[in-house]
Amino acid sequence: MEMKHLTLLLSLFSFSAYTASPLVALASSPSDGQSPSSSEDHPPQTVSKIPSNVNPKLKKICQEVNHPTECVTTAAPFLGETADISPVTVLQAEIEAIDSQAKEALAKATKLAADPTTSKTITFPLNICIDGYKAILKNKQAILDAISKRDADELNMELSSNVDHISQCEDAFEEAKINSPIPELHSLLGKMIFNSINIGVDMVDFEDKN
């Protein structure tokens, strides 16, 4: 239990640093339903942009995360029509969505890095992001294995490592004082990762046998 609390504190610290960065502020979508003065530490209260035909159980879970609309729109395609909606199944769907988004980000970042017209100023931080995207893809199976084993500590550790990878990419561009050439892709991936932290740490309870 102590490990879970420590992991949560570290994740929230990384989350605060990530959301305070200039790139995320630039790339943030208005779908969050938050004013500039709203705190990222609390889930947005405006959920009217969530489609009305969403499964009520999915909607209830997604309303509790930092980015409800992105939770619904990214997890829903990976949930079957007859899926038993629970924090665990939504988390599994979100991990699949993160995998898909990371693959897209990796492909575009790799293409840009290999383009001879891309400046070296951009290429250096871009390569850090590429390494991060690859690590996120590699981490997928470890997360799914932790869920399968019902190992909360391992799950929290693996989810938190994704935060590290996305934050390192963010830091690289911030230190170079330039913006990412793929801000929308990167921003959405970050929101999905933090949604997975919200669900995995706050909602998944492996001690509940029901």
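How many residues does helix H6 have, and how far does H6 reach from its first C-alpha to its last? In this predicted model, local features need pLDDT of at least 70 and side-chain atom pairs count only at pLDDT 80 or more, while totals for chains, interfaces and linings use all residues. Residues are numbered from 1 along each chain as its sequence is written, and side-chain values use heavy atoms, with hydrogens and water left out.

Helix H6, residues 120–149, has 30 residues and reaches 44 Å from its first C-alpha to its last, close to the 44 Å expected at 1.5 Å a residue, the expected span being 1.5 Å times one less than the number of residues. Helices here are DSSP runs of H or I with at least four residues, numbered from the N terminus. H6 bends by about 30 degrees at Asn 139, the bend being the angle between axes fitted to the seven residues ending at a residue and the seven starting there. Just after H6, Arg 150 takes a positive phi of about 55 degrees.

The axes of helix H5 (residues 87–114) and H6 come within 9 Å and cross at roughly 155 degrees, where axes are lines fitted to C-alpha atoms over the stretch in contact and angles run from 0 to 180 degrees between N-to-C directions. H5 is therefore roughly antiparallel to H6, a term for angles over 145 degrees. By class, the contact of H5 with H6 has 18 nonpolar, four polar and five charged residues; Ala, Val, Leu, Ile, Met, Phe, Trp, Tyr, Cys and Pro count as nonpolar, Asp, Glu, Lys and Arg as charged, and the others, Gly among them, as polar.

For H5 and H8, the axes come within 9 Å and cross at roughly 160 degrees, which makes H5 roughly antiparallel to H8. The contact, meaning heavy atoms within 4.5 Å, involves residues of H5 including Pro 87, Val 90 and Leu 91, and residues of H8 including Leu 185, Leu 188 and Leu 189. The residues of this contact of H5 with H8 comprise 14 nonpolar, four polar and three charged.

Helix H7 (residues 152–176) packs against helix H8 (residues 183–202) at an angle of about 160 degrees, with their axes 10 Å apart, and the two helices H7 and H8 are therefore roughly antiparallel to each other. Among the residues that meet are Leu 155, Asn 156 and Leu 159 in H7 and His 186, Leu 189 and Gly 190 in H8. The contact of H7 with H8 divides into 10 nonpolar, seven polar and one charged residue.

Methods:
Parallel < 35°, antiparallel > 145°, perpendicular 65-115°, else oblique.
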